[in-house]
Amino acid sequence: MIAAPEPTRLLHVIATPRGLASNTARVSSCLLEALHEADDTLQVSTLDLFRADLPSVAGKNIESKYRLMTGQGIEDEAQDSWKQIEHTIEQFMAADVYLFTVPMWNLGIPYALKYYIDAIVQPGYLFRYTADGQVEGLVKDKTMLLVISSGSEYTTQPMASYNFVESYLRAIFGFVGLTDIHVFHANGMDMGPEMKKAGQRAAIAEARQFAQSGAWRPVKRLIPTLLANDLAQAHVVAA
């Protein structure tokens, strides 16, 4: 008997306060639809950063962070507060695939997303320092999909020099071990109706094609599926 493949768990992090009215969210919705069509085991959890009660990275928690960075334990009176940070990290680490819906705000990421990143990127959880002082990312064998919208065209020069969204997200998530990152740009959202439609259509077409390719499947999920398919085929041949 061939075991069914494990479900693919996707965490959708929404970094826009506009919901489905967002230019970015429209592209992400089409991408999610295509992902569901490509993988009927897909399980999606949604984290809306502008509606979530994220833990504070201040007070007891900032002290706990620095105690961890210096190899100390967390003080007893700070344990309950730190558990909120740990819960947010656990939700992030439980996913196999990440989808981040991110509009460009003033050349960078929305403040709610920065707040979230500061909450989850903690020593000993998403990264650690090795004995020789190097950084080792602990988020491994996972895939990240970034849907980024911008008012103008920020993917080519000279405007690309002002785009700190993609470069920052690639850097911070690369720092914690995520290197399989795919980006879908919806450009020209503030350049008139025709440019807006063209930018969205191009991003949606690229996203759908990518979803169908299967290149987004994490290695640890893809290998068992391929083995199951091979075994099923061998059984058919033998019969």
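Student: What does the chain average in pLDDT?
Tutor: This is a predicted model, and the chain averages a pLDDT of 88. At least 70 is the score of 90% of the residues.

Student: Where does pLDDT stay under 50?
Tutor: One such stretch is residues 223-229, for which the model has three contacts beyond four places in sequence. Over residues 231-239 the pLDDT is also below 50, and that stretch has two contacts beyond near neighbours in sequence.

Student: How should predicted coordinates be read where pLDDT is low?
Tutor: Not in detail.

Student: OK, helix 5. Which of its residues are buried?
Tutor: Helix 5 covers residues 165-175, and its buried residues are Val165, Glu166, Leu169, Ile172 and Phe173.

Student: Why do they line one face of the helix?
Tutor: Looking down the axis of helix 5, the buried residues fall within an arc of 145 degrees, so they line one face.

Student: What about just after helix 5, which residue takes a positive phi?
Tutor: Gly177, with a phi of about 115 degrees.

Student: New topic. How much space lies in the largest pocket?
Tutor: About 220 Å³.

Student: Which residues are closest to its centre?
Tutor: The largest pocket is lined by 15 residues, and Asn23, Pro103, Met104, Ser149 and Asp190 are the closest to its centre.

Student: How does the lining divide into nonpolar, polar and charged?
Tutor: Eight residues of the lining are polar, five are nonpolar and two are charged.

Conventions. Residues numbered from 1 in each chain as written. Predicted model: local features only at pLDDT ≥ 70, side-chain atom pairs only at ≥ 80, totals over all residues. Heavy atoms only, no water. Buried < 20%, exposed > 50% of the residue type's maximum accessible area, 1.4 Å probe, protein only. Helix = DSSP H or I, 4+ residues; strand = E, 2+ residues; numbered from the N terminus. Arc of directions from axis to C-beta. 1 Å grid on protein atoms, 1.4 Å probe; cavity = no way out; pocket = protein on both sides within 12 Å on 5 of 7 lines; lining within 4 Å. Points joined across faces, edges and corners; volume = space filled by probe spheres on them. Nonpolar A, V, L, I, M, F, W, Y, C, P; charged D, E, K, R; others polar. pLDDT = per-residue confidence, 0-100. Contact = heavy atoms within 4.5 Å.
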